[in-house]
Structures are given as C-alpha cells and as structure tokens.
Amino acid sequence: MRAPSTLLPLQLEGLVFAAGGRRIVDGVTLTLDAAARSVIIGPNGAGKSVLLRLCHGLLQPTAGRIRWNAPELPGGPRRQAMVFQRPVLLRRSALANVVYGLSVGGVATDAREERAREALHKVGLAALASRPARVLSGGEQQRLALARAWALKPEVLFLDEPTASLDPGAAYEIEKIVTAMHDAGTKIVLVTHNLGQARRLGDEILFMRQGRIAERAAAKDFFRRPESPEAARFLEGELPW
Amino acid sequence: MNGLGAAGAQALHLIGDGDAHLVDIVLLSLRVSLTAVVIACLVGLPLGATIAVGRFPGRHALIVVLNALMGLPPVVVGLVVYLLLSRAGPLGAMGLLFTPSAMVIAQAILIAPIVTALSRQVIEDAWDEYREQLRSLGEHRLGAAVTLLWDVRFSLVTIVLAGFGRAAAEVGAVMIVGGNIDGVTRVMTTTIALETSKGDLPLALGLGLVLLTIVLALNAAAYVVKETAQRRYG
C-alpha cells in the first residue's frame, strides 16, 4: 500500500525537449513506479541524460508534462536526489559536504552531523570524514556523492552514468551502494552505458533511441531476447549511428 | 647614477632608523588603503556573487560596465569625490574633504569595481561547475551565492590583494581629496610625488622601497595561502 503523499508514480506525458532545433527528447510517455529499479540504456545522443534531468527538474520541457503523484512543494526540501557522472563536491571536508546537503534539505541543525556520519558509514567513508572532499580518489568522491544523496533519504535517486569514469573495483562499490539504497526503499533510475551494470542493477530496462523509448521490458527478457531489432543490434554492439 | 646611489643609501638609513615621519606616513597609508579594501570587499564580494548567479535584465551590460570600471582613472574618481564632498557639494555638510575619511571613500570607489568584477568572474566559473548539483540539492540562488563565495575563498584572496595593491599604489585620488596635508593626509604615494618635485629624493625613494616591499610581501603571502589551500582542499 502506498501512502497518498509519496512522489511516485511519476508520469511523463508526451515529453519533448528541444535545443538548437533538435528534439533531444522527442515525445516520451511513460510511468515509473516505486518498486522496480529502472535502467535507461541506449546509444550516445539518444537523450538519456536529458530525460533524467527533465524528470529531476534541472531542465524545463519544451512540451509535455511531468506529473509526480504528490509533487514536492516549491521551495521546500527535495525528496529526490541525483548523482552525476562527475561528482561535484565543495572545498570542505567529506563530512561537511554531507552536512551541507542536509542543511539545504531543511534538516534540523542538531540532527545533521549524526545523520551525515551515518551516511558516510554506510558508504564506507567513515574513516575519511574529516578529509577534504576534493582530494579523495575518484571512487571515494562518487561514494561521497552517494552518501550526500542517501543522507537526504530521497524517495527517488537518479544516477547519470555514475561509474563511467571509475575503475571496475570502484564501480563495483558504487553498485553495492545503489543496491543497498534500493533495498532501503529508494526508487532507482539509472542511466548507464555499461551493459553488465544494466544487467546487474536493472529490474526493468528502458531502451532509448533518437529521443524516444524504443523498448521497455523486464531486464531478464530484454537481455535474453530484445523485441526491437534496434535493441538487438545495440546489444550486439552493431547499431550504426 | 651617483644621485640614485646616494639617495638610496640615505633612504635605507631612514628606514633602518625607523624615522618617525616616515613611519607615520606608512601607517596612514596602510590605514587608509586597508579600510578602503574592507569596504570595497563588503560591497564587492556579495555584489559579484549576486551578479554571477543572478538572472536579470541588463546583466550583460552591467558586466561590461563593471569590467570597464576596473580601469577607472584615479584622478577622475578623486575629482568626483572632491565635487561631492566640497563645501558646495551635496555631501559638503559632512566636512570630510581633506580628511583620511575622504581618501578612504575615494579608494573604496576606485577598487570596488575591481573586487566586484573579478569575484564575479571567479564565482561564475564555479557556478558553471556547481549549478546542476546545487539545484539538484534544492539550493536557491541566494544560498548558492553564499556557498560559492565560501568555496572559492582562496581565489578571492588574490582578488582582494589586487584591490589593495591598486589602492596603495594610486596617487591621483588621494592627492585630490586628501590634499596631501603634512601629518594629516599625507600618504606614501603623495609624499613620493611631492618630495620628488621638491628634490628630497632619499625620503621619496625610501617610501618607494617600503611601498614595494609591502606589496611584494602581501603577494607572497597570498601565493603561499593559495598554494597551500589548493594542495589541501583541491
């Protein structure tokens, strides 16, 4: 049973985003539910990252609608978070970065540090809490970005190729954290170019091509037998652009 | 060359002896220029940050004007402040003309555009990098301006020093609004100008050396702060 005040489901209706005369997202209609981990894959320039930013409110759609079940209040704390390909961290300690997110998120001052430490512990950075965030390794920085997001206990977490610039070991750590967040009840929407990662993390796959959702299927079905020839060729690594 | 050598030797003597006259002039210079820098920063840093993250009509024009104002001629600033503060001027009743306060006002006006324009540039570059993340967290523009100001604090040190260097080195504005009155409004640069024309080269040269040393020391300090911070905070 879903409480009436949850963000999800998210409904996109005829969503279009055009820039420079090109329709980067070209009429996307879909509903995202709370339970499944949704993984968006597709070739470069298919509009995956833009779709994610539209959902998260970082871009305004040219046409179409984005409907949350119970939208966030304008100016109120956010109930969704996003982790980017390259983590953007402030020139302060790791702990202070998480605390900052909590303060912007409207968490009471005296509750922030404990919650931040808890989040750092969950991503395995407790020992590095007082280190300046920007001198951490790439993998540690991305884990810190996840901790900052997790501390806010978001209902939805958008991830835009979070492991694209990480080595396999660091990427594996990130995947573990994403899974743990999912288990703790956060809806995961992930864009990735890594098909292995899509297979490991995805409950359902949304295959995007030329600004549209070309195929949507349960992950195991998609990888066993994609329905569209484009998706089949993409999986083979053959789709020409 | 002989003249320079002799004057230089005497100048070093003056500095070495801690000549009271010279010390007074140096202290007044520092007091005036540092106060002007503080005022210019109180205005310029928040303004620069606001323009950097703001969206309002005329923003581009404002940035162009600010950049142009960095090259404001000190004598023009001096003249305008003189007119404002002179007895017949709108602020004449305050009786500030030919006081150190007038010099502070003139220098603050001179360097506020420098602090504003340079901090705007630095903060806008940071904003380009942080914008999506800060908006994702739900930060509003004003909060973002404050966050960015703090995050680029080590780069701002250099900007503040550029402002101080400009203030301490200018002569035109303080000469006009201060009047170069001995013991009251005489600072390093106005003294150098006066003593040179009078032919008292040792004092002029001594003050020149002090001025150079101060500017050099401050820049060295700023460099060390910035480098250390960058290594520590990334």
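The contact between the chains draws 16 residues from chain A and 14 residues from chain B, two residues being in contact if their C-beta atoms, placed from the backbone, lie within 7 Å. On the side of chain A that touches chain B, strand 5 (80–83) and helix 2 (94–104) are the elements that give two or more residues. Helices (H or I, at least four residues) and strands (E, at least two) are DSSP runs, numbered from the N terminus. By class, this side of chain A holds 10 nonpolar, 3 polar and 3 charged residues. Here Ala, Val, Leu, Ile, Met, Phe, Trp, Tyr, Cys and Pro count as nonpolar, Asp, Glu, Lys and Arg as charged, and the others, Gly among them, as polar.

This is a predicted model, in which local features need pLDDT of at least 70 and side-chain atom pairs count only at pLDDT 80 or more, while totals for chains, interfaces and linings use all residues. Residues are numbered from 1 along each chain as its sequence is written, and chains are lettered from A and ligands numbered from 1 in the order in which they are written.

Chain A contains an open sheet of 3 strands in the order 2-1-4, with antiparallel pairing; strands pair if DSSP finds at least two bridges between them. Strand 2 (22–32) and strand 4 (63–68) of chain A each have a single partner strand, so one side of each is left without a neighbour in the sheet. On average, neighbouring strands of this sheet are turned by 20° against each other, direction ignored. Strand 1 (residues 10–19) of chain A is joined to strand 2 of chain A by 8 bridges; in strand 2, Val25(A) is the bridge partner of Phe17(A). Helix 1 (residues 48–56) of chain A packs on the sheet and touches strand 1, strand 2 and strand 4, its direction making about 60° with that of strand 2. Such angles run from 0 to 180 degrees between N-to-C directions, with axes fitted to C-alpha atoms, for helices over the stretch in contact.

Chain B has 10 helices and 0 strands. Of its 234 residues, 39% are buried, that is, with 20 or more other C-beta atoms within 10 Å of their own.

The largest nonpolar core has 134 residues; such a core is a set of buried Ala, Val, Leu, Ile, Met, Phe, Trp, Tyr and Cys residues joined through C-beta atoms within 7 Å. Helix 5 (residues 100–137) of chain B gives the largest share of this core, 20 residues. Leu148(B) is among the members that touch the most others.

Conventions. Buried ≥ 20, exposed ≤ 12 C-beta atoms within 10 Å, placed from the backbone.
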